[in-house]
Amino acid sequence: MLRGSPRRLPVPLILLAVVVFSGCGPSTGRVGLSPPSTPPAAVEVLALVNEARGTARRCGDQAFASAAALSLEGRLARAAQLHSQDMHDHNVMSHTGSDGSDLRVRADRQGYGWANLGENVAFGYTNPESVVAGWLSSPGHCANIMNPAFTELGVGIEGTFWTQLFGRPL
């Protein structure tokens, strides 16, 4: 779904992008949930996502049954936060980091051994309610949110740059 090169973003523009990967990441041990310093907005994004997953819905032409709740995962949260910070620092919304990294590389760098990964990014939203509503109104982003293959979530927020990194550990 991702085409072309990253876009430089004017401040009021709101854009969304989505990408999903399945496969094998490095085999590392599972480390538990996000640290106690999880920002309240990230916790609210998780609550809104889990509320959405609790109800069957259509994402464009695709029907989804309700899905189990996700849990916050610290390494995914760190990877998502670093990506949101990078997008903010370079004023570019993209699934590709300024160093050429993608979500697989960013998860691997944090030691997250993954079986499945997905990522939603957004720019221009000012609160958890609006960004989650935006993702749910986009078929590809909604499909990531509803995907039952994902069990964990990391949320990164820097200014109005948002990243959701979905995963299922090995």
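Select F123 first. In this predicted model, F123 counts as buried, at 2% relative accessibility.

Now look at the two rings. A search of the whole structure finds 2 aromatic pairs. In one of them, the ring centres of F123 and F161 are 4.5 Å apart and the planes stand at 50 degrees, so the pair is tilted. Show the strands next. F123 sits in strand β7 and F161 in strand β9 (residues 161-169), so the pair ties together parts 38 residues apart in sequence.

Stay with β9 and select F166, then F150. How are the rings of F150 and F166 arranged, stacked or tilted? Their centres lie 5.3 Å apart and their planes meet at 25 degrees, so this pair is stacked. F166 belongs to strand β9, while F150 is in the loop between α5 and β8 (152-158), so the pair links parts 16 residues apart in sequence. F150 is buried, with a relative accessible area of 2%. F166 is buried as well, at 0%.

Next stop: helix α5. Select residues 139-146. How many of the 8 residues of α5 are buried? The count is 7, and the helix is mostly covered. Colour the buried ones: G140, H141, C142, A143, N144, I145 and M146.

Zoom in on the contact. From α1, pick V49, A52 and R53; from α5, pick N144, I145 and M146. These residues meet. By type, the contact divides into 4 nonpolar residues, 1 polar and 1 charged. N144, I145 and M146 were also among the buried residues of α5.

Now for the salt bridges. The count comes to 4. Three stops follow.

Select E119 and R106. They form a salt bridge, with the closest N and O atoms 2.8 Å apart. E119 lies in strand β7 (residues 114-123) and R106 in helix α3 (residues 103-109), so the pair ties together parts 13 residues apart in sequence. Are E119 and R106 buried or exposed? E119 counts as buried, at 1% relative accessibility. R106 is buried too, with a relative accessible area of 7%.

Move on to R104 and D102. Here the closest N and O atoms of the salt bridge are 2.5 Å apart. R104 is partly exposed, with a relative accessible area of 32%. D102 counts as buried, at 17% relative accessibility, because the cut-off for buried is under 20%.

Finish at E73 and R75. Their side chains meet in a salt bridge, 2.7 Å from N to O. Which of the two is buried? Both E73 and R75 are.

Technical notes: Residues are numbered from 1 along each chain as its sequence is written. This is a predicted model: local features need pLDDT of at least 70, side-chain atom pairs count only at pLDDT 80 or more; totals for chains, interfaces and linings use all residues. Side-chain values use heavy atoms; hydrogens and water are left out. Buried means under 20% relative accessible area, exposed over 50%, partly exposed in between (1.4 Å probe, protein chains only). Helices (H or I, at least four residues) and strands (E, at least two) are DSSP runs, numbered from the N terminus. Contact means heavy atoms within 4.5 Å. Ala, Val, Leu, Ile, Met, Phe, Trp, Tyr, Cys and Pro count as nonpolar, Asp, Glu, Lys and Arg as charged, and the others, Gly among them, as polar. Rings of Phe, Tyr and Trp (its six-membered ring) pair if their centres lie within 6.5 Å; planes under 30 degrees apart count as stacked, over 60 as edge-to-face and the rest as tilted.
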